[in-house]
Amino acid sequence: MVLLSASQIQNAAETTTSTEAATAVEASAEVTAKDEAKQAEEKAPVEVDPADPVAAGEAKHAFKEPNICEGMAEGEFLGPDVCADCHQDKVETMKVSPHGQSADKRTPFGKEGCEQCHGPGEMHFDTEGNCIVSMTGRFGESVQQRNDVCLGCHKSGDRMHWVGSLHESEDLACVSCHSIHKRNDVIHRNSQSEVCFTCHKDIRADTYRASSHPIREHKVICSDCHNAHGSAGPKSLNQFTINENCYSCHAEKRGPFLWEHYPASEDCTLCHRVHGSNHAALLNKQGPQLCQQCHADIRTQGGGRHIRNFLDFDDNDPGRARFKVVSNCANCHIKVHGSNHPSGAALQR
Amino acid sequence: MKRKTSLLIYYLAATALVSSAALAEDKPVAEQGAAAVPSEGQTAIDIPPDVDGAAQAQTGTEDKPATETLKAEQEKAEETGIPIGKSLSEEGELIVPEEIVSEQILNDIELGIGYVSDDAYKFGRYNGLQQKGPFVIGDIDIEAFYEDGRFWSVHGTNLGLESRFLRLEGGVQGSYKLFLEYDELPNYRDNTVQSPFLGIGSDNLTLPSVFDVNTNLDANLNSFDLETKRRRAKAGVSFIPRQSWQFDVDVSHENKQGVDATGATIANTTGSSPGFIGNLTTAYLPEPVDQDTDIVNAILRYAGDDGQVDLKYQMSIFDNKYNSLTWQDPFNTTAQGSMSLAPDNEFHQLSLTGGYVLPYNSRLTGMIAMGRMTQNQAYNPYTVNSNASPSALPQSSLDGEVWLTNAQLKLASRPTNSLRLNAELRYNERDNKTSVATYDYVLLDSDSFTRTASNRPYSYKNNRINLDANYRFNAITSLRGGYKYNEMKRSYTDAERDKTKEDTLFAKWKVKAHSTVDVALFAEASKRDGSDYNSLVNENPALRKYYLADRDRTKVGGSIDYMATDKLFLTARVDYNQDDYTDSVIGLTEATQPVYTVDFSYTPRHNITTYGYYTYETIESSQAGSAAGTTTADWQADFEDTFDTIGIGAKWADLGKWDIGADIVLSKSSGSSEMIDLSAAGAAGQYPDTRTELTSVKLWTDYNYSKQLVYKLGLWFEEYSADNWAIDGVAVYDPLAVENMMFLGSETLDYNVYVITASMSYRY
């Protein structure tokens with residue numbers, strides 16, 4: 001796991017292929033669905049190949065042909081055992097996933113089993129004009145229709161803000177990120193970032209910069225700060241403001257301090273580029289010019305030692321050099337996040 | 001055959017999209033032969049009608065020949081080699097193909113050994129591989145479910161390293177859940193630093209008895225390491241008394257310990273006047289770190305069909321063992337300096353979040369939260385020297401109090417399948433109720449003068465409105481557009497600008513140009529202005545602080561997703577952001593940030609996956625200043641940071657009993673600046689460019705000895721080099737180069753490291 005790399009993260013690699021390709025893959029599947037629907041109309045007899053498990057299942061259950069769905073509200077539930085006749089792998093997988101726990105009456109298997117999400121099985125076999133609901137959109141189900149299946153149960157808690165969220169607005173399906181038959185899913189700390197990077201490639205590039213949060217090491221993962229399902233905060237952050245979010249891990253910067261540095265109290269991202277920077281401490285820009293964006297005439301504020309520009313790097317002035325090297329202005333004004341020293345008005349102590 | 005292959009391709013697609021999840025014959029549930037029994041009286045989820053219509057609307061794939069798809073499916077089916085003909089037992093029961101079963105592993109225990117070729121703090125900063133030598137590989141993933149709902153799991157990573165993580169979980173699903181978590185996060189910052197101070201790790205730093213910074217500094221320098229480590233223990237319980245109710249509570253305790261660095265400034269002679277400090281000197285110090293943070297989250301959740309509510313309490317208490325730091329001035333060993341360290345503080349917040357289903361396929365969500373941040377750490381004295389005689393402190397501690405009010409109301413409506421409407425109001429308030437007092441302060445220790453200043457508690461009120469609509473014209477095209485309003489009212493003494501407001505319009509157009517090509521174009525325009533800008537008395541009146549300044553912001557972008565074949569997927573994306581600070585003569589005047597990304601994923605065979613990406617980003621900005629202190633700029637600085645990141649990787653599975661893979665990342669950055677002396681009509685002495693270059697190569701192979709036993713080998717090579725003029729060549733003390741400052745002698749942490757790993761993975 002130490003060597004864990006993108007190609008080793010099985011699910012992530014698959015998602016790389018699948019998530020962004022989801023629309024296209026779905027389109028391909030949907031073509032198949034339409035083709036199959038036409039066949040259904042023709043009611044071609046089914047030829048059963050005894051060596052073909054699907055055909056065997058079809059024969060056993062008088063399966064006809066898949067049809068485009070026209071509504072799944074009615075029909076008889078047959079139970080997972082029947083589903084397992086053809087989809088044993090799926091059913092067995094479900095049994096070791098949270099969705100497959102029949103003892104938990106909130107889960108699909110605590111209710112109707114596979115059919116709780118995929119629709120009544122009876123329609124899958126005998127009735128014309130119906131089909132199962134495919135969560136990959138195989139039968140042409142729209143993203144919203146598929147998501148509505150999940151939201152039937154998952155509309156509370158962390159999914160409270162899904163409708164109208166950034167990801168919902170971008171037509172992401174739940175299965176774009178989640179493997180609903182699988183136990184660990186995108187929650188797994190070691191693989192989650194690869195799932196997110198499938199779309200957020202610029203953020204992936206940020207993590208390789210000289211200064212970055214430990215995202216490459218999976219010690220900070222996307223969901224530590226963001227709720228992919230939307231939130232009441234900016235940028236789908238877990239907390240209600242940017243600073244509250246940062247204080248979750250950096251409580252020492254919370255204060256409130258006696259002497260505040262207003263931008264720091266307002267919005268950490270005014271000075272920091274949180275996903276990665278080539279400047280130290282995730283700063284937006286090199287100093288002292290970063291500070292000079294807001295502090296142009298520092299001579300009169302601090303006293304006679306201050307000078308107004310550090311324009312010439314080669315001036316060989318050791319007095320000016322102290323404003324340029326290492327932490328530049330913050331060599332002395334080290335308390336840029338605020339000071340609680342009664343003599344710390346200049347954020348030096 | 002057509003039907004068979006289409007199902008097969010569906011299966012494969014579903015495997016890729018949805019699952020490669022666990023299936024193990026000897027899992028507890030499987031052992032008990034559990035088969036879910038449909039419960040009586042349960043109703044199916046109400047699936048919206050008109051699926052067919054939606055399908056047509058969404059796909060728009062009528063123009064793609066079905067035979068093309070089927071041909072691809074057949075080819076894929078042949079390549080998979082799944083023995084379809086052997087998928088039935090003699091009794092005619094279906095057998096899941098072994099190749100698929102073999103991927104569905106639930107439990108995995110990995111043990112092994114690795115070796116790091118060299119000491120490299122930057123390489124091992126967060127992963128714990130900072131030191132040359134062997135290390136233990138230990139990872140564990142075990143889970144079990146039982147028919148009665150009981151379950152437990154153990155998940156651990158990097159157990160042999162200082163970046164270890166371990167989580168134990170168990171309970172009865174649907175009734176309760178308990179978990180315990182332990183997490184370590186090292187931060188190996190620098191092992192090239194030196195300091196003459198004694199007592200490193202304490203809050204009182206002294207110098208050797210015979211110390212003179214000009215004569216015997218080198219002899220007294222001692223190496224030490226800048227490193228901290230976070231250790232966090234967390235426990236939680238989730239209780240579900242009834243199906244619609246849930247109560248979650250988690251408690252965590254984190255300790256951060258080690259040594260950090262801080263600048264520390266003192267005036268080593270008494271000042272000649274209140275406006276001038278004599279011989280100001282700075283020494284970088286090893287700062288002791290021993291901080292505890294306790295966090296509690298408690299949430300009562302209700303989830304009904306139509307309405308959902310979360311009532312949440314958050315608590316965070318920060319306790320710093322060291323609230324002050326004193327040091328002996330290396331430039332005048334008879335003087336002592338003192339500074340405060342982060343004060344203890346507390347945060348409590350209560351929030352209520354709710355969602356409600358409304359008619360016309362609409363949903364209303366709302367949130368209101370009240371939070372309180374407090375800080376009452378006892379003050380340090382004004383000064384630890386006796387040169388100045390300030391009056392008594394107005395109070396012994398700040399008794400700081402900030403109230404946070406956050407509220408949100410969002411209405412999301414989907415009146416038709418084609419139309420989505422969202423409207424959101426958001427309110428965030430920071431109300432700093434800390435009382436104001438006047439402090440007769442001593443700017444720096446050893447200064448003989450006092451100054452007066454009053455604290456200026458900072459408050460703001462932020463109002464946002466977000467409106468957007470998304471209309472899908474047909475299967476091909478959709479358009480999204482909206483308006484955003486962001487108003488910030490700031491309240492503090494000497495406020496430059498009481499109010500800023502920003503109006504934003506945006507639009508996004510998506511079109512399916514072809515059955516295999518998706519195109520999206522995005523544009524956004526913002527304009528920020530506000531109340532009168534009142535420059536501070538001691539500030540250049542032409543300065544506009546960039547977060548308060550008038551600003552025109554433009555964002556445009558586009559993306560193309562192209563599924564060249566079912567094996568090859570290509571995307572390209574460009575984003576371009578431009579900020580124009582329209583009223584800023586002094587300060588930040590302009591910033592642009594284009595980002596370009598292309599990537600591909602190619603799956604030539606079912607067992608071979610490849611990917612690659614390239615991201616190019618530039619961050620440009622321009623700022624102006626006035627050395628003369630006039631309202632006309634006499635110097636300008638243009639900055640450009642560029643980043644190139646290339647990644648490529650491949651995995652070849654089932655190569656006999658072998659799986660092999662490789663991942664390569666090249667990341668380069670450069671930072672350049674052009675300083676222009678406008679008054680002299682020429683360029684100034686330029687700052688050197690900064691540069692970083694990272695090469696990371698990971699090669700790995702797994703030998704699948706059996707379905708249960710996998711032998712793993714890995715090689716990770718990483719090389720990093722950087723140029724940073726701000727620290728390269730800066731000596732601990734060189735008065736001819738940098739006046740009156742003593743640093744720690746940090747160097748750019750270039751490295752060239754190999755990591756070799758050999759491990760055994762037992763899966764079942």
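Surface patches are made of residues with over 30% relative accessible area and no salt bridge, with like charges joined within 9 Å and nonpolar side chains (Val, Leu, Ile, Met, Phe, Trp, Tyr) within 5 Å. A salt bridge is a side-chain nitrogen of Lys or Arg within 4 Å of a carboxyl oxygen of Asp or Glu. This is a predicted model, in which local features need pLDDT of at least 70 and side-chain atom pairs count only at pLDDT 80 or more. Residues are numbered from 1 along each chain as its sequence is written, and chains are lettered from A.

In chain B, B:Glu719, B:Asp728, B:Glu747 and B:Asp750 form a negative surface patch. B:Asp728 sits in the loop between strand E31 (709–723) and strand E32 (741–742) of chain B. A:Glu244 belongs to helix H13 (residues 242–247) of chain A. Buried means under 20% relative accessible area, exposed over 50%, and partly exposed in between (1.4 Å probe, protein chains only).

| Residue | Relative accessible area | Class |
|---|---|---|
| B:Asp728 | 31% | partly exposed |
| A:Glu244 | 7% | buried |

The C-alpha atoms of A:Glu244 and A:Asp267 are 9.4 Å apart in space, and the two residues are 23 apart in sequence.

Chain B also has an open sheet of three strands in the order E6-E11-E12, with mixed pairing. Strands are DSSP runs (E, at least two residues) and helices are runs of H or I (at least four); two strands pair if DSSP finds at least two bridges between them. Strand E6 (204–205) and strand E12 (336–340) of chain B are the edge strands, each pairing on one side only. E6(B) runs parallel to strand E11 (residues 324–328) of chain B and is joined to E11 by two bridges. B:Leu205 has B:Trp327 in E11(B) as its bridge partner.

Notes:
Side-chain values use heavy atoms; hydrogens and water are left out. Accessible areas come from the Shrake-Rupley method with a 1.4 Å probe; for residues, only the protein chains shown count as cover. Lys and Arg count as positive and Asp and Glu as negative; His and the chain ends are not counted. The place of a charge is taken as NZ of Lys, CZ of Arg, CG of Asp or CD of Glu.
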